[in-house]
Amino acid sequence: MPAVTVDNPLTLPKVAASGDAAARPVLAVTTAPSGFEGEGFPVRRAFAGINYRHLDPFIMMDQMGEVEYAAGEPKGTPWHPHRGFETVTYLIDGTFVHQDSNGGGGTIENGDTQWMTAGSGLLHIEAPPESLVMSGGLFHGLQLWVNLPKADKMMDPRYQDIRGGEVQLLASPDGGALLRVIAGELDGHQGPGITHTPITMIHATVRPGAEVTLPWREDFNGLAYVLAGRGTVGAERRPIAMGQTAVFGTGGSLTVRADERQDGHTPDLEVVLLGGRPIREPMAHYGPFVMNSQAELKQAFEDFQAGRLGTVPAVHGM
């Protein structure tokens, strides 16, 4: 980890918050509980226990792995429906093959992102390729769910396959932090992901002892989730470690710092930074459907059961 990097971050464009930007305070630090998803791959539930008013427009995020599979162990998800939101699968290590009932799909690996706008609905499957099942290997990634506003919930589904080499790479002024902008923008630098709901998604690697203070849109919320390592968040230096999420308050900048000494299995602090403009609409969420009312949820289930979200292909090639 990570798959997309550079030898010398000082060659990249530099980003830093202005000195007069109001620092965002840290409202809370939560610890993600562990569980299993799909056919049994391990996950950490990054947003568990966080009030939705601090998450909006994000719904949930799972850290998948990090796990070293033996031969025959890699697992995925069976066919399942989605409606009313977007799923963002960011694969740091390993390979995943995805397919939907509309004939879409592809392969993501080692720093790639698969951005699926479910919209009006489809059936979807994600699985490791046969080669990985046979050999085993490292698997590590994230899946983020982003809500859609009512006006876009029934739009036609679409995919964005974002290759790892397409992400916008930036650095802190001293080169101590490498920033990968996957979606949205940071200080005028645009990531490749196109979002219906305005968000920013960044994977940052912060070297031991380094600190980065980034400009952050004041109309966005602010979240930081630690994939690996340990450090502090906020000007108050609130401790944070692997599997924990920091919730920031309002302001124009946010700060992340890596501890001088890291855990033995990771050389750096690896953190995902998220911000988005709250939708502030009623949300009815159950399983794979995210709508605005219970009546719309009921309709989604009825449409799924009637086959109106698609049918599983006879041969899906997984």
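This report walks through the sheet, the nonpolar cores and a few individual residues of the structure above.

The model is predicted, so to speak of local features a pLDDT of at least 70 is needed, side-chain atom pairs count only at pLDDT 80 or more, and totals for chains, interfaces and linings use all residues. Numbering starts from 1 along each chain as its sequence is written, and side-chain values use heavy atoms, with hydrogens and water left out.

**The open sheet**

Let's start with the strands, which are DSSP runs of at least two residues, labelled E and numbered from the N terminus. An open sheet is built from 7 strands, in the order E1-E22-E19-E24-E17-E14-E13, with antiparallel pairing. To pair, two strands need at least two DSSP bridges between them. At the edges sit strand E1 (26-31) and E13, each pairing on one side only. On average, neighbouring strands in this sheet are turned by 20 degrees against each other, direction ignored; the axes behind that angle are lines fitted to C-alpha atoms, and angles run from 0 to 180 degrees between N-to-C directions.

Inside the sheet, E17 and E24 run antiparallel and are joined by 8 bridges.

Since 5 of its 6 residues are buried, E5 is largely enclosed by the rest of the structure. Here, buried means under 20% relative accessible area, exposed means over 50%, and partly exposed is in between (1.4 Å probe, protein chains only). E5 runs antiparallel to strand E10 (residues 122-127), with 4 bridges joining them; Pro81 has Leu123 in E10 as its bridge partner.

**The cores**

A nonpolar core is a set of buried Ala, Val, Leu, Ile, Met, Phe, Trp, Tyr and Cys residues joined through side-chain atoms within 4.5 Å. The largest one here has 31 residues, and Phe47, Phe58, Met61, Leu144, Met201 and Leu274 have the most contacts inside it. Strands that each supply at least two residues of this core include E4 (58-69), E11 (137-147), E17 (199-206) and E24 (269-276). Another core, of 27 residues, lies apart from it, with Ala204, Val206, Ala246 and Leu254 among its members.

What does Leu274 touch, not counting residues up to four places away in sequence? Its partners include Phe47, Phe58, Met61, Leu144, Met201 and Trp216, where contact means heavy atoms within 4.5 Å.

Gln262 counts as buried because its relative accessibility is 17%, and Thr266 is buried with a relative accessible area of 7%. Their polar contacts (N or O atoms within 3.5 Å, one able to donate a hydrogen and the other to accept it; residues adjacent in sequence count only if both atoms are side-chain atoms) are tabulated here.

| Side chain | Backbone atom | Distance |
|---|---|---|
| Gln262 | nitrogen of Arg230 | 2.8 Å |
| Gln262 | oxygen of Asp259 | 3.0 Å |
| Thr266 | oxygen of Asp268 | 3.0 Å |

Beyond four places in sequence, Gln262 is in contact with residues including Pro208, Gly229 and Pro267, while Thr266 touches Ala228 and Gly229.

**Ala21**

Ala21 sits in the segment before E1 and counts as partly exposed, at 24% relative accessibility. Ala21 and Ser253 are 232 residues apart in sequence, yet 5.9 Å apart in space, C-alpha to C-alpha. Leaving aside neighbours within four places in sequence, Ala21 is in contact with Gly252 and Ser253.
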